[in-house]
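User: I'm new to reading protein models, and I'd like to learn how to go through one feature by feature. Can you walk me through this one?

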Amino acid sequence: MRNKKLYLVIPCYNEEEVLPETAMRLKEKLTELERKQKIDEGSRILFVNDGSRDRTWEIIRTLHEEDPCFGGINLSRNRGHQNALLAGLMTAKEYADMVISMDADLQDDINAVDDMIDKYLEGIDIVYGVRSSRKKDTFFKRATAEGFYKMMNTMGANTVFNHADYRLMSRRALEGLSRFQEVNLFLRGIVPMIGFSWDVVYYERGERFAGESKYPFGKMISFAVEGITSLSTRPIRMITGLGFIIFLVSIGILIYSLVRHYMGATIVGWTTLMVSVWAIGGLILLSLGVVGEYVGKIYLETKSRPRYIIEEILNQEK
């Protein structure tokens with residue numbers, strides 16, 4: 001029989017508009033789970049303030065003072081969603097038997113928590129929350145989101161399709177996660193590398209009830225680049241393959257030029273020359289950019305800077 005102490009970890013950045021409603025819904029869910037004896041008494045909701053510029057931390061502090069089931073972690077400055085999430089997970093693993101991470105806007109159906117816990121009690125260490133469909137998304141949003149996952153897997157950053165950061169992890173899985181020390185974090189790709197038993201729970205994603213999305217299209221592109229370059233060297237290999245293809249093309253152009261020379265047509269077309277120069281120049285710059293991205297990541301890793309610094313923790317358990 002597995003222990004059943006649960007911590008819900010919620011990263012927050014400028015979430016003052018949603019926090020009161022989110023806290024109420026999560027408290028109701030925690031109470032319901034305790035009544036059904038799916039979790040033990042003393043389970044907690046842990047908000048992680050990622051350097052918010054609004055009243056987010058003030059609201060978290062008030063929630064904690066009113067009800068000890070709410071805890072809080074205040075990072076010294078904004079470190080990004082992945083580092084804030086990691087800070088919550090690494091703190092929660094000291095107290096919890098299982099930890100579920102989710103976004104503060106509660107677009108991910110909190111009722112899927114029940115199924116996640118059921119699978120944990122069956123002996124599963126990692127349970128991924130996976131969207132059952134994207135019917136509510138616009139065509140553009142659906143195409144870019146699904147393209148994101150396909151591109152990630154094509155580039156070698158293996159992820160669970162249509163899974164974000166809504167997941168359950170056992171303490172054993174969290175101990176495994178703590179052994180990954182890289183500064184450039186992409187948890188959607190790192191967690192599957194831990195191993196252990198895993199399963200999925202499908203759910204329907206709802207609308208955000210307040211506030212604005214923290215992941216616009218531009219940030220999604222940046223997130224994809226971070227994931228690919230953090231987990232895979234395939235882009236570097238693609239540059240090597242591209243260089244080999246260009247070499248073969250250059251040989252073909254050389255043969256063509258010799259043939260044209262012996263046929264008496266020695267004037268080389270201006271268009272062909274300019275296209276070749278611009279194409280090769282663009283490929284060189286692109287290749288340098290990709291290599292530079294990896295060199296930059298190596299530079300950050302060698303410095304071994306802390307991934308986050310916790311300024312304050314609000315938790316009844318010490």
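Analyst: Let's go through the sheet, the packing and the aromatic rings in turn. This is a predicted model, so local features need pLDDT of at least 70 and side-chain atom pairs count only at pLDDT 80 or more, while totals for chains, interfaces and linings use all residues. Residues are numbered from 1 along each chain as its sequence is written, and side-chain values use heavy atoms, with hydrogens and water left out.

User: What is the order of the strands in the sheet?

Analyst: First, the terms: helices (H or I, at least four residues) and strands (E, at least two) are DSSP runs, numbered from the N terminus. Two strands pair if DSSP finds at least two bridges between them. Here, 8 strands form an open sheet in the order 7-5-6-4-1-2-3-8, with mixed pairing. Strand 7 (198-203) and strand 8 (310-314) are at the edges with a single partner strand each, so one side of each has no neighbour in the sheet.

User: How many bridges join strand 1 to strand 2, and how many join strand 4 to strand 6?

Analyst: Strand 1 (residues 6-12) and strand 2 (residues 44-49) run parallel and are joined by 6 bridges; one example is P11, whose bridge partner in strand 2 is V48. Strand 4 and strand 6 run antiparallel, with 4 bridges, and there I100 has L168 as its bridge partner in strand 6. Strand 1 also pairs with strand 4, in the parallel sense, over 4 bridges.

User: Which way do the side chains of strand 4 point?

Analyst: The general idea is that side chains in a regular strand alternate between the two faces of the sheet. In strand 4, M98 and I100 point one way, V99 and S101 the other way, and all are buried. Buried means under 20% relative accessible area, exposed is over 50%, and partly exposed is in between (1.4 Å probe, protein chains only).

User: Which residues have the most contacts inside the largest nonpolar core?

Analyst: In soluble globular proteins, nonpolar side chains tend to be buried together. A nonpolar core is a set of buried Ala, Val, Leu, Ile, Met, Phe, Trp, Tyr and Cys residues joined through side-chain atoms within 4.5 Å. The largest one here has 37 residues, and F47, I100 and M102 have the most contacts inside it. Apart from that core lies another, of 30 residues, including L85 and V191.

User: How many residues of helix 7 are buried?

Analyst: In helix 7 (residues 187-194), 6 of its 8 residues are buried, so-called "mostly covered". Among them are L187, R188 and V191. Just after helix 7, G195 takes a positive phi of about 90°.

User: How many aromatic pairs are there?

Analyst: Rings of Phe, Tyr and Trp (its six-membered ring) pair if their centres lie within 6.5 Å; planes under 30 degrees apart count as stacked, over 60 as edge-to-face and the rest as tilted. A search of the whole structure finds 4 such pairs. Y7 and Y95 are stacked, because their ring centres are 6.0 Å apart and their planes are at 15°. Y7 lies in strand 1 and Y95 in the loop between helix 3 (81-92) and strand 4, so this pair ties together parts 88 residues apart in sequence. Y7 is buried at 0% relative accessible area, whereas Y95, at 23%, is partly exposed. The rings of Y166 and Y203 have their centres 5.3 Å apart and planes at 80°, so that pair is edge-to-face. Both Y166 and Y203 are buried.
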